[in-house]
Amino acid sequence: MSISFKLNPFISPPKTHQSFFISPPKTHQRLSFSRPKKPQNLSLPKLTTFPTIRSVHENSEHLASSSEKPRWENVLSTAASLYPLYITFGGVLACLKPSSFAWFVKTGPTSYSLSLGLIMLAMGITLELKDLISLFWKRPFSILFGCLAQYTIMPAFGAIISRILGLSPSLSVGLILLSCCPGGTASNVVTLIAQGDVPLSIVMTGCTTLGAVFLTPLLTKILAGTYVPVDALKLSLSTLQVVVAPILLGSYVQSAFPSAVKIMTPFAPLFAVLASSLLACSVFSENIIRLKSSVISAPLASDASLLNRVQAILTGELRVVILSVMLLHFFGFFVGYISAAIAGFKERQRRAISIEVGMQNSSLGVVLATSHFASPMVALPAAMSAVIMNVMGSSLGFFWRYVDPSDSNTSSEVKK
C-alpha cells in the first residue's frame with residue numbers, strides 16, 4: 001500500500017516545465033534544440049528512481065524546496081515507496097514459513113481491524129479534505145466517471161470470473177467482496193510512476209473510499225447473496241468504523257494540532273505500508289496453513305526441496321484463487337483503460353483510471369471477510385490480491401513510465 005496521500009497531486013507535472021519548451025522567435029530557433037535538454041531530465045515523467053512520497057497538503061513552494069528537506073525524511077519517503085517489495089517478500093515468507101506471522105494471527109480479527117484503522121488514520125492526518133473537494137468541483141466529470149468505473153467494472157468481473165472458474169461458495173464470496181472494495185491507495189504511487197494524472201487518482205481513491213460505506217455492502221449483498229447470507233448493514237457499519245471514521249478523525253487532528261501532525265507526517269506513509277504488508281501476509285499465512293492440511297493429500301518429506309514445497313503449496317484451490325485474482329485485476333486494468341479511451345479522456349487520465357480501477361483496497365477486503373464470514377477462505381482472495389495486485393500494478397506502471405503520454409505537451413485535464 002504505497003501511500004498515495006503523501007503525493008503532491010495539485011501540481012500538474014507537464015505544466016511545471018512547460019515554459020521550458022515554448023518556441024522562441026525564429027531567429028533563435030537553433031537554441032531551442034540545445035538549451036532545453038538539461039532541464040528536461042528534471043521533469044516528473046522522467047523519473048529514474050522510485051518516487052518519493054510527499055503529503056497532499058504541501059504546496060508548490062514546499063515541493064520546490066523538497067531537496068532541502070532533512071535526509072532522514074527523504075529516506076523515509078523512499079522506504080515507503082517500496083511497498084511492492086515488502087508485500088512480495090512477506091508473501092514468500094508466508095508460503096515457506098507461515099508460523100512467522102502466528103503472533104499477529106492469534107489476535108485476529110481484532111488485530112486486523114485495528115491495523116486497518118491505524119492505516120486510515122495515517123491517511124487522514126496527511127489529507128486536506130478542502131483541497132480534494134476543491135479539485136472535485138473543478139473536474140467533476142472525470143472523477144465521477146472514474147468512481148462509476150470502479151464500482152461497475154470490478155464487481156461485474158468478480159461475479160463473472162467466480163462463475164466461469166467454478167469457485168467454491170466461500171472463494172466466490174471472497175472474490176466478489178474484493179471486487180466491490182474501493183480503490184487502493186497504492187494506485188496513487190503507481191499512477192505517478194506511470195506518468196498518469198495523479199490528482200485524479202487521489203481524488204478517486206478518496207471518493208470511492210467514502211462511497212464504500214454504502215456501495216461495498218450493497219454490491220456484495222446483490223452479487224454474493226446467492227452463495228451465503230450477507231448482512232449489508234453490519235458490513236456498512238464496519239466500513240464506517242475502520243475506514244471513514246479514522247480518515248475524518250485524522251483530518252480533524254491535522255487541523256486542530258498542526259504542530260504534532262507536522263512531526264508525525266514523515267513517518268505516516270512508512271507505518272501505513274508496513275502495517276498493510278503485515279495485515280495481508282498474516283491472513284495469507286493463516287490460509288496457507290489450512291490449505292496445506294486440507295488440500296495437500298500427501299505430506300511432504302522433511303528433506304523436501306524448496307521447489308517441491310512450492311509446487312505442493314500451489315495446488316488445488318490456491319492455484320485457482322491465484323488465477324481468479326490475476327484475471328480480476330487484469331480486466332480491471334484493461335477495461336478501465338478502454339472505457340476511459342472510449343469516453344474521450346486523454347492519455348494521462350486513461351492511465352490514472354485504469355490503475356485506479358485495477359487496484360483495490362485489499363486490506364478492507366481482508367478485514368470485512370475475517371469479521372463477518374465464518375469461513376476463513378473468504379479472506380484468501382483479498383490476501384492474495386495484496387501480493388498479486390501490487391506486482392501487476394507496479395509492472396504496468398514501470399512499462400508506462402517509459403512510454404510518454406501522447407498528449408504530454410497539452411493540458412492534462414479533460415475539459416468536459
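Predicted model: local features only at pLDDT ≥ 70, side-chain atom pairs only at ≥ 80, totals over all residues.

Modeller: Happy to! Residues are numbered from 1 along each chain as its sequence is written, and side-chain values use heavy atoms, with hydrogens and water left out.

Phenylalanine 330 is partly exposed, at a relative accessible area of 44%. On that scale, buried means under 20% relative accessible area, exposed means over 50%, and partly exposed lies in between, using a 1.4 Å probe and protein chains only. Its C-alpha atom is 10.0 Å from that of serine 354, a residue 24 places away along the chain.

Now move to serine 385, which lies in helix H21. Serine 385 counts as buried, with 0% relative accessibility. Setting aside residues up to four places away in sequence, serine 385 touches Leu178, Val325, His329, Ser362 and Asn390, where a contact means heavy atoms within 4.5 Å.

One of those partners, Ser362, also belongs to a helix pairing: Ser362, Gly365 and Val366 in H20 meet Ala382, Ala383, Ser385, Ala386 and Met389 in H21. By class, this contact of H20 with H21 has five nonpolar, three polar and no charged residues. Here Ala, Val, Leu, Ile, Met, Phe, Trp, Tyr, Cys and Pro count as nonpolar, Asp, Glu, Lys and Arg as charged, and the others, Gly among them, as polar. The axes of H20 (residues 362-372) and H21 (residues 380-401) come within 8 Å and cross at roughly 170 degrees. Axes are lines fitted to C-alpha atoms, for helices over the stretch in contact, and angles run from 0 to 180 degrees between N-to-C directions. H20 and H21 are therefore roughly antiparallel, the word for angles over 145 degrees; under 35 counts as roughly parallel, 65 to 115 as roughly perpendicular and the rest as oblique.

Next comes methionine 384, which is in contact with Phe284, Leu318, Val321, Ile322 and Val325, leaving aside neighbours within four places in sequence. Met384 is also among the residues with the most contacts inside the largest nonpolar core, together with Val243, Phe284, Ile353 and Leu380. That core has 99 residues; a nonpolar core is a set of buried Ala, Val, Leu, Ile, Met, Phe, Trp, Tyr and Cys residues joined through side-chain atoms within 4.5 Å. Helix H16 (residues 268-294) gives the most to this core, with eleven residues.

Stepping back, the protein has 21 helices and zero strands. Of its 416 residues, 53% count as buried. Among contacts between residues at least 6 apart in sequence, 85% join residues at least 24 apart.

Finally, the cysteines. A search of the whole structure finds zero disulfides, a disulfide being a pair of cysteine sulfur atoms within 2.5 Å. For cysteine 95, the closest cysteine sulfur is in cysteine 281, 9.5 Å away and too far for a bond. Cysteine 181 is in no disulfide either, with the nearest cysteine sulfur, that of cysteine 180, 7.4 Å away. Cysteine 181 is buried, at a relative accessible area of 0%.

How values were computed. Helix = DSSP H or I, 4+ residues; strand = E, 2+ residues; numbered from the N terminus.
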